[in-house]
Every structure is written in C-alpha cells, then in structure tokens.
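Here is a short briefing for a first look. Keep the sequence and the 3D view side by side as you read.

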Amino acid sequence: MADAITAEGLVKRYGKVTALDGVDLRVPTGSVLALLGPNGAGKTTVVRILTTLLRPTAGRAWVAGADVLDQPATVRRNIGLSGQYAAVDEYLTGFENLVMIGRLYHHGRQQARSRARELLAYFGLEDAGDRPTRTYSGGMRRRLDLAGALVAHPPVLFLDEPTTGLDPRGRTDMWGVLQRLVEGGTTLLLTTQYLEEADLLADEIVVIDHGRIIAQGTADDLKRQVGGERVELTLTDGARLPDAERLLTPLGVGPATLDPDRRGLVMPVGGGATSLANTLRVLDDAAIGLDDIGLRRPTLDDVFLTLTGRSTAEEDGSEPSEGDHS
Ligand code: ATP
C-alpha cells in the first residue's frame, strides 16, 4: 500500500536549539500514526513541517504524493489540520464558522451550508450549532475545530494534541469521533502526550524525545518493553507473601516480584480487570488479608523511564541543552 506520509531525515534548528534531529516517518494510507512524547519533544515541529507551515533545516517529506517543499499547494489541498488551540471565530456560531471555511475552499453557498450541517451532526453539535462559539465548552470548540479541518474531505489529517486540556468526558467523546473517522479510511497523524490515547487510536506509535525517535512499534510492542500491565498489592501479613506468590503465579503472565520489606508483590498480568478480580478471589479463598491492591497500566512515564532513564516530568519547562545534541 502506498504511503500517505513519508519523511526522511527531518532536521529543524533554531539557532542552538535542535528541535528535530533526523526524523524518518512512514504512514501507510488509511493507517494511524501517533507521535508520542513529552512537552518540547518536537511533535508540533514535525506537524508544522508536514503541513507546509515550516521549512525544515534539512530533510524531505511527501504528503498525499506531493513534495512538502516543492508542491506545498498540492499538499495543502489534501490535508486537514487541527491544532492544540482551537481556531474558531468566537463571535460566529458553529454553523457560520463551518460555512465560512467552506466558502474559503470556494464551495458554493448551498454546498457550504449542507456540509456545515452534516459536520455539526457528525460531531454531535446540532443543538449548539446556532449559538456563538464563545458559549461552547473546551471540548465543543475542539470538535468544531476538527469539523473545520474536515470541511474539504481531506484524505490526510493532522491532529496536534487533540485532547490536551480536555476533561475526561471531553476526551472520551473526542476518541469516539476519531475512531469513527479512522474507520472511514482517513489517514491520521496525531501527536499526544498520552500513551492511552496512542494505544486506543494508533496502528503504530513513534516515541520522540529531544527531536529524535527513541522507540517505535505497536502499543503492545511498547508495553512489552516496559513490562505491560500488572497487579500491585500489599499484604496485611508479610509472612504470607510466599503463599500469595504460589497461589497467584498461575494467574500471571510472568514471574511475580516480591518486596518483603513492604509486604508487597507485583505480578505482570494480561487480563486487565479480570486479572484483578481473580487475584482478589484467590487471596480471599486462602484468607490472605490485603492492605492495598491495584491494577497498574503502563503510562507514557513508564515508557520514558524505561527508554531514557528519566521521567517525562523532568522535561517540563526545560529547554534541551547543547549537550543533549552533541
Ligand atoms: P508541546 O507538547 O509543548 O507542543 P512539542 O513536542 O510539540 O511540545 P515542539 O513545539 O515541536 O515540541 O518544540 C520542540 C523544541 O523546539 C522545543 O525545545 C521548543 O522550545 C523548540 N522551538 C520550537 N519553536 C521554536 C522557535 N520558534 N524558536 C526557538 N525554539 C523553538
């Protein structure tokens, strides 16, 4: 299958800051790629280069068959872009915003209006469509912004952190919308700081850090690298740890780790909540008391810690130093 997006050796320098340090990407048509990384990793820079908004210092890229540097107008005709900050006109209604975008694409009045209604319905904004967007919630603005990116039916869509800043409800709604889009065959490149989001939506995940790709693969590949999900528990009586280990080992997908000082046991599992429920049942049947139990799924932070030896939180607010790129 042809690639909808190809990037080769993308480099972007701002003076001494190297925002991108040689990024290669391939996104097959109809698939979803998630660029995963902490603040400042270079995700937005990749998106800006691929959407023709920024010229790379070095490297080449093709989107929907056109060269990003030599044929920017062709690229723009084939893409939709929705950013971290929803670009909607506050004083227009949702409907008017979408009609205006349609008109910018030289759609006729009728066509622009019917596409606007269609998109409002698709995004669950029919009721709000005739209200000024300044009355919208953050999640509604994001959905409207995404609707705007879809006005011209672009085959390739770029979404820069589509759910950052949304509450859990808004995030779940947005995931539903994106899943439907993907089922419809749109090629999607999205950036995210959440492994959970990449896991849910992406066929392939590329982890970037300081402008370099540090890992790539499916969500399962990455989770395997960080050890997958696990049940973590603390017993009331540390003397029963060996009993717990013996009884629980058949439920796990690998050996349990014991921490006798904390009366703790960590066991890799494969069944999510079912594994947790089974663990509880086995311990209860054997009258082994618990102080605490939980199911832990790997987070971006776990991926980072494993791959780089530091947590994503350490990145916040810090500019990469020259030493990082030498
Ligand atoms: P975020 O989640 O915060 O958007 P990001 O992964 O998208 O992060 P980028 O915005 O691509 O990161 O930035 C990558 C690096 O390039 C950062 O260190 C950033 O400070 C730097 N950078 C971006 N734009 C400029 C600029 N115009 N001038 C100087 N440095 C810049």
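A residue counts as buried under 20% relative accessible area, as exposed over 50%, and as partly exposed in between. By that rule E90, with a relative accessible area of 29%, is partly exposed. The model shown is predicted. The chain is divided into domain 1 (3-88 + 136-224) and domain 2 (228-297).

**Domains**
- Domain 1 is made of two stretches, 3-88 and 136-224.
- Domain 2 covers 228-297.
- Between the C-alpha centres of domain 1 and domain 2 the distance is 39 Å.

**Nonpolar cores**
- The largest nonpolar core holds 44 residues.
- L98, F123, L146, L157, I205 and V207 have the most contacts inside this core.
- Helix α5 (residues 138-150) gives the core its largest share, six residues.
- Another core lies apart from that one and has 27 residues, including I5, L35, A66 and V75.
- L146 touches S82, F123, L157, L159, M174, V177 and L178, leaving aside its neighbours within four places in sequence.

**Aromatic rings**
- The count of aromatic pairs comes to one.
- F123 is buried because its relative accessible area is 2%, whereas Y122 is partly exposed at 26%.
- R180 lies over the face of Y122, 4.2 Å from the ring centre.
- Over the ring of F95 sits the charged end of R117, 3.8 Å from the ring's centre.

**Salt bridges**
- Side chains of opposite charge can pair when their charged atoms come close.
- The whole structure has 15 salt bridges.
- One of them joins R141 and E90, at 2.4 Å from N to O.
- R141 lies in helix α5 and E90 in the loop between β6 (79-82) and α3 (94-104), so this pair ties together parts 51 residues apart in sequence.
- E118 and R115 form another salt bridge, with their closest N and O atoms 2.5 Å apart.
- Both residues, E118 and R115, lie in helix α4 (residues 109-122), three residues apart, about one turn of the helix.
- R115 is buried at 12% relative accessibility, while E118 is partly exposed at 44%.
- D243 pairs with R240 in a salt bridge, the closest N and O atoms being 3.2 Å apart.
- D243 is partly exposed at 24% relative accessibility, and R240 is partly exposed with a relative accessible area of 24%.
- A network of salt bridges links R230, E232 and R296.

Methods
Residues numbered from 1 in each chain as written. Predicted model: local features only at pLDDT ≥ 70, side-chain atom pairs only at ≥ 80, totals over all residues. Heavy atoms only, no water. Core = buried A, V, L, I, M, F, W, Y, C linked by side-chain atoms within 4.5 Å. Buried < 20%, exposed > 50% of the residue type's maximum accessible area, 1.4 Å probe, protein only. Helix = DSSP H or I, 4+ residues; strand = E, 2+ residues; numbered from the N terminus. Contact = heavy atoms within 4.5 Å. Domains from an automatic or database assignment. Phe/Tyr/Trp six-rings, centres within 6.5 Å; stacked < 30°, edge-to-face > 60°. Lys NZ or Arg CZ within 6 Å of the ring centre and 35° of its normal. Salt bridge = Lys/Arg side-chain N within 4 Å of Asp/Glu carboxyl O.
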